[in-house]
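Please walk through this protein with me, one region at a time. Keep the sequence and the model side by side as you read.

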Amino acid sequence: MMLPVQADASELVIVLLLAYALDLIFCEPPAAIHPVVWMGRLISFFKKNAPRTHRKLYGIFMGLTTILFGSLIAYLVLLFMGIENIPSPLRYLVAAYFLKATFAIRCLYGAADEVRKELDAGKLDGARQKLSMYVSRDTSKLDENHISSAIIETTSENYVDGILSPLLFYACFGPFGLIAAYVFKATSTLDSMVGYKDERHRDMGWFSAKLDDVLNWVPARLSVIFISAATLMVRLFYHGIKVPDYKSALKRGLADGLKTPSPNSGFPMASVAGALRIKLEKPNTYVLGEGFVYPVSEDIKLTAWITLVASFFAIIISLFIILT
C-alpha cells in the first residue's frame, strides 16, 4: 500500500503523545463518532446475517472484511494527514483522535474503580451489576472474593488487548503504524464479539479468535515484564497495607501464564496475581496464584494502579521504538 505522506518520527511521536493526553482527559468518545463502534456495528451486521452452513468460511470473510474496513479508516486519516493546506495542529489532532480510539487507559482504570467503590460501600448487588458490564461470566451469584477476582482478571487481561498491543503495533510499523493499530483493533473487536466456543460462534469466530491469539502472542508475554516493572514502581510510592512484590509478579507470570484456556490472557493475569500474592479464580476454568489468598477491595485498587503505571511504561517504550 502506498502512503500519501511519509510521516517522520517526530510526527508519529506528536500523534502518540496527543492520543495519550486525549485518553487521560476524555476517556472514550461518543459512540456515534467512535471508530471501534463503527467496526462493532459492521460485525453485528455480519452476525445477524450469518448463514446456517459454511460458517467457518463466512467467519473468514467477515474477519477479513472488518480488518479491511479498519485499515481503510486508518488510511483515510493518513490521507487527511497529507493535506498540506490544513494546519499541522489540526492534522495531528485528528490523527491522535483516531489513534486514541485503539487504546483505553483511563477507562480501564475507571472500570476497576467503579467495582471497587461498590464493594467498599457494601453494595454487593451494585458491584455485581457493574462487573457484568465488563465480563462475560454470570455475576449474579458471585461473592466479594470472586467479584474482586473477576474485575482484577479483566483489568489485567485488557491491559494487553486494550493498551499494550495497539501501542506496540503503532510504534513498530513506522508510517504504517496507524494502519497496523487498526488491523489489531479490528481483530480484537472481532474476537470480543464472535471469538467464543459456544455452538453459535465456534465456527464463525474461529478465524478471529486464532488471529487474535497470533497478534497478541508477543505482547502478552512482554506484559509480564511491564507489569513487574510497574509493580516495582508502585511498591516504591504506594503507602497502603499491602506491599506489592515485583519478583513474585515475574515468577508467577512465567509459571502460570499458560494455565488459562487462552494462550495469552494468563500472562498478565498471573503477573498481577503474583504481584499482589492473590488467587485469581474463574470457577471450573482456571486458578492462578494457587496457594495465595483470595483478593479483596484493596487488591482491585492496586491492580488499577499497577495497570496505570504499566500503561505509562508502554507509552515510553513505544516512543523509544519510534525514535530508534
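This is a predicted model: local features need pLDDT of at least 70, side-chain atom pairs count only at pLDDT 80 or more; totals for chains, interfaces and linings use all residues.

Local features are described where pLDDT is at least 70, and side-chain atom pairs count only at pLDDT 80 or more.

Start with charge. Side chains of opposite charge can pair when their charged atoms come close. The structure holds 11 salt bridges.

Take Glu28 and Lys100 to begin with. Their side chains form a salt bridge, with N and O 4.0 Å apart. Glu28 sits in the loop between α1 (9-26) and α2 (35-48), and Lys100 sits in helix α4 (residues 88-100), so the bridge ties together parts that are 72 residues apart in sequence. Are the two partners buried or exposed? Glu28 is partly exposed, at 31% relative accessible area. Lys100 counts as buried, at 3%.

Now find Arg137 and Glu153. Their closest N and O atoms are 2.8 Å apart, in a salt bridge. Arg137 belongs to the loop between α6 (124-132) and α7, while Glu153 belongs to helix α7 (residues 144-172), so the pair ties together parts that are 16 residues apart in sequence. Glu153 is buried, with a relative accessible area of 1%. Arg137 is buried too, at 18%. A residue counts as buried under 20%.

Next come Asp299 and Lys242. Their side chains meet in a salt bridge of 2.6 Å, N to O. This pair links distant parts of the chain. Asp299 is in helix α12 (residues 297-323), and Lys242 is in the loop between α9 (206-237) and α10 (246-256), 57 residues apart. Asp299 is buried, with 2% relative accessible area. Lys242 is buried as well, with 18%.

Salt bridges can also share partners. Here, Asp113, Arg116, Lys117 and Asp120 are joined in that way into one network.

Return to α4, the helix that holds Lys100. The helix has 13 residues. From its first C-alpha to its last it reaches 18 Å, close to the 18 Å expected at 1.5 Å a residue. Which residues of α4 are buried? They are Arg91, Tyr92, Ala95, Ala96, Phe98, Leu99 and Lys100. An α-helix has 3.6 residues a turn, so residues three or four places apart point the same way. The buried residues of α4 pack against α1, α2, α3, α7 and α8.

A search of the whole structure finds 1 cavity of 30 Å³ or more. About 110 Å³ of space lies in this largest cavity. Its lining is made of 14 residues. Leu12, Leu78, Met81, Tyr170 and Leu178 lie nearest the centre. The largest share comes from α1, with 3 residues. What is the lining like by class? It has 11 nonpolar, 2 polar and 1 charged residues.

Move on to Leu164, in helix α7. Leu164 counts as buried, at 0% relative accessibility. Leaving out residues up to four places away in sequence, Leu164 touches Tyr159, Pro219, Leu222, Ser223, Phe226 and Ala314.

Ser223 is buried, with 0% relative accessible area. Setting aside neighbours within four places in sequence, Ser223 is in contact with Tyr159, Val160, Leu164, Phe267 and Pro268.

Finish with another serine, Ser192, which lies in helix α8. Ser192 is partly exposed, with a relative accessible area of 42%. Along the chain, Ser192 and Ala209 are 17 residues apart. Their C-alpha atoms are separated by 8.5 Å.

Methods: Residues are numbered from 1 along each chain as its sequence is written. Side-chain values use heavy atoms; hydrogens and water are left out. Helices (H or I, at least four residues) and strands (E, at least two) are DSSP runs, numbered from the N terminus. Buried means under 20% relative accessible area, exposed over 50%, partly exposed in between (1.4 Å probe, protein chains only). Contact means heavy atoms within 4.5 Å. On a 1 Å grid over the protein atoms alone, a cavity is a set of points where a 1.4 Å probe fits but cannot get out, and a pocket is an open set with protein on both sides within 12 Å along at least five of seven lines; lining residues have an atom within 4 Å of a point. Grid points are joined across faces, edges and corners, and a volume is the space filled by probe spheres set on the points. Ala, Val, Leu, Ile, Met, Phe, Trp, Tyr, Cys and Pro count as nonpolar, Asp, Glu, Lys and Arg as charged, and the others, Gly among them, as polar. The expected span of a helix is 1.5 Å times one less than its number of residues.
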